[in-house]
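My notes are below, in the order I looked.

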Amino acid sequence: MGVQHEVYLDYNGSAPLDPRVAEAMLPVLLEGIGNASAVHRFGCRQAAAVDHAREQVAALVGGRSSDVVFTAGATEANNLALHGAVLAAPVDRPRILISAVEHASVRETAQWLSDQGIAKVDAIPVTRGGVVDPDAVGMMIDSDVLLVSVMAANSETGVLNPVAKISERVHAAGALFHCDATQMVGRLPFGLQESGADLVSMSGHKICGPGGVGALIGTRQSLRQLRPVIHGGGHERGLRSGSTNVAGTVGLGAAAEIAVEERNSEAERVSGLRDRMVAEIKERILDVYENGDSSRRLPNTASFQFAGADADAVVTQMDPIAVSTGSACSSGSIEPSAVLLAMGVSREAAYESVRFSLGRFTTDADIDAAVEGTVTAVDYVRAMSRENG
Ligand code: PMP
């Protein structure tokens, strides 16, 4: 057997670095010297590079460059949004609402704030399709709510939320609207104004930029309503101290600029590949179901349940085709995806669910190989589980 064709379909986990982004970063890595806060000429050159990146990142969501707070990724941006708002709250133990399908960095931050007794937290339920209904937000919100956090697009199912309608309900109650748009920006147009979001989180490695760098972008007014969670020299308008990761931010900026230029054509091409993959998998495999409302989702994502086939076994069997499960290892035992459970998917079906996420460098040949690999793996895992009774 020849060398097998490696296929990477885990873009929602981490997308590959675009070589054009690497090229933009290279001069900074090789020649950039000095702390971007230093006043000497070396520092000024670094600061100029960071300023340019700030403009590129602001443009991705139609924000102002002065309202971009660089962080070490979306996890940190989400922590800053929730924790920072609670720290600055004018009342004791404010109430915050988060959707039931948020990323762990929102969910666990909210849980921690609740456990510490510094905020009251309620989860907004989602529909069977994984969507947050603005009416559900309207019903739960009251004047005691400080902040509502609802993601733009779900990382596991790709399902899109009606964020503009949600933000209307949130603002009508006088609360802040935080939107984790990590999976959305760069894939579909998303603007601060159009979405009505006050605070938006994003991350480099989901948009073919570097990992370990991201941003919280806000409106001027909303950023004033935050306190820092990381203290030090007062960088990033006092909201996130720490010497700037210059090469990382330059990469984030370059990735954002490419995304603005290419997201529409990329969405069209990638959704074509995804739709063909979904059609072929459904045609060739029996008892396969899609998780999430497929009429409103990202162009690159599909989540399948292969009935009777354990997802971890399927993913292992599919090597060298990289796909993922939403299950997480907690305290030594594998827990099914919290997102799928919140949608009302049974534990059994959640254990049988596999996510495919495509992107910029996915080719037709990749999809051919992925379909073949999926058919073979699911057949094999089902046969083994029948044999083992
Ligand atoms: N939010 C969402 C929706 C995500 O998908 C991820 C990454 N899986 C994050 C936040 C965390 O991003 P980072 O890896 O930059 O911390």
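**Two domains**

I started with the domains: the centres of domain 1 and domain 2, taken over C-alpha atoms, are separated by 28 Å. Their contact (heavy atoms within 4.5 Å) takes 31 residues from domain 1 and 34 residues from domain 2. I noted the bounds as 7–16 + 263–388 for domain 1 and 19–258 for domain 2; such bounds come from an automatic or database domain assignment.

A reminder to myself: this is a predicted model, in which local features need pLDDT of at least 70 and side-chain atom pairs count only at pLDDT 80 or more, while totals for chains, interfaces and linings use all residues. Residues are numbered from 1 along each chain as its sequence is written, and side-chain values use heavy atoms, with hydrogens and water left out.

**Overall build**

I looked up the secondary structure next and found 13 helices and 14 strands. Both are DSSP runs numbered from the N terminus, helices being H or I with at least four residues and strands E with at least two.

How compact is the protein for its 389 residues? Its radius of gyration is 21 Å, close to the 21 Å from the globule rule, so the protein is as compact as a globular protein of that length. The radius is taken over C-alpha atoms, and the rule is 2.2 Å times the number of residues to the power 0.38. Along the principal axes, the C-alpha atoms fill a box of roughly 65 × 50 × 40 Å.

I wrote down that 53% of the 389 residues are buried. Buried means under 20% relative accessible area, exposed means over 50%, and partly exposed is in between (1.4 Å probe, protein chains only). Of the contacts between residues at least 6 apart in sequence, 74% join residues at least 24 apart. The accessible surface comes to about 16400 Å², with 52% of that belonging to carbon and sulfur atoms; the areas come from the Shrake-Rupley method with a 1.4 Å probe, and for residues only the protein chains shown count as cover.

**The cores**

Which residues touch the most other members of the largest nonpolar core? I got Val57, Phe190 and Met202, in a core of 61 residues. Helix 9 (residues 246–284) gives the most to this core, with nine residues. Domain 1 and domain 2 both give residues to the core, so it lies between them. Apart from it I found another core, of 29 residues, among them Val7, Phe304, Ile321 and Leu358. For the record, a nonpolar core is a set of buried Ala, Val, Leu, Ile, Met, Phe, Trp, Tyr and Cys residues joined through side-chain atoms within 4.5 Å.

Leaving aside neighbours within four places in sequence, methionine 202 is in contact with residues including Val57, Leu60, Thr182, Ile207 and Leu252.

Glutamine 56 sits in helix 2 (residues 41–60). Glutamine 56 counts as buried because its relative accessibility is 11%. Not counting residues up to four places away in sequence, glutamine 56 touches Gly253, Ala254, Ala256 and Glu257.

How many disulfides does the whole structure have? My search found zero, with a disulfide taken as a pair of cysteine sulfur atoms within 2.5 Å. Cysteine 179 is buried at 0% relative accessibility, and cysteine 208 is buried at 3%.

Most residues other than glycine have a negative phi, and most peptide bonds are trans. Against that, I noted that cysteine 208 has a positive phi, near 65°. Cysteine 208 is in the loop between strand 7 (199–203) and strand 8 (214–218). Aspartate 287 is not a glycine either, yet has a positive phi of about 50°. I placed aspartate 287 in the loop between helix 9 and strand 9 (288–290), and at 45% relative accessibility it counts as partly exposed.

Where is there a cis peptide bond? It joins aspartate 319 and proline 320, with omega about 10°. Proline 320 is in the loop between helix 10 (311–318) and strand 11 (321–322).

**Last look**

Threonine 316 is in helix 10 and is exposed, with a relative accessible area of 60%.
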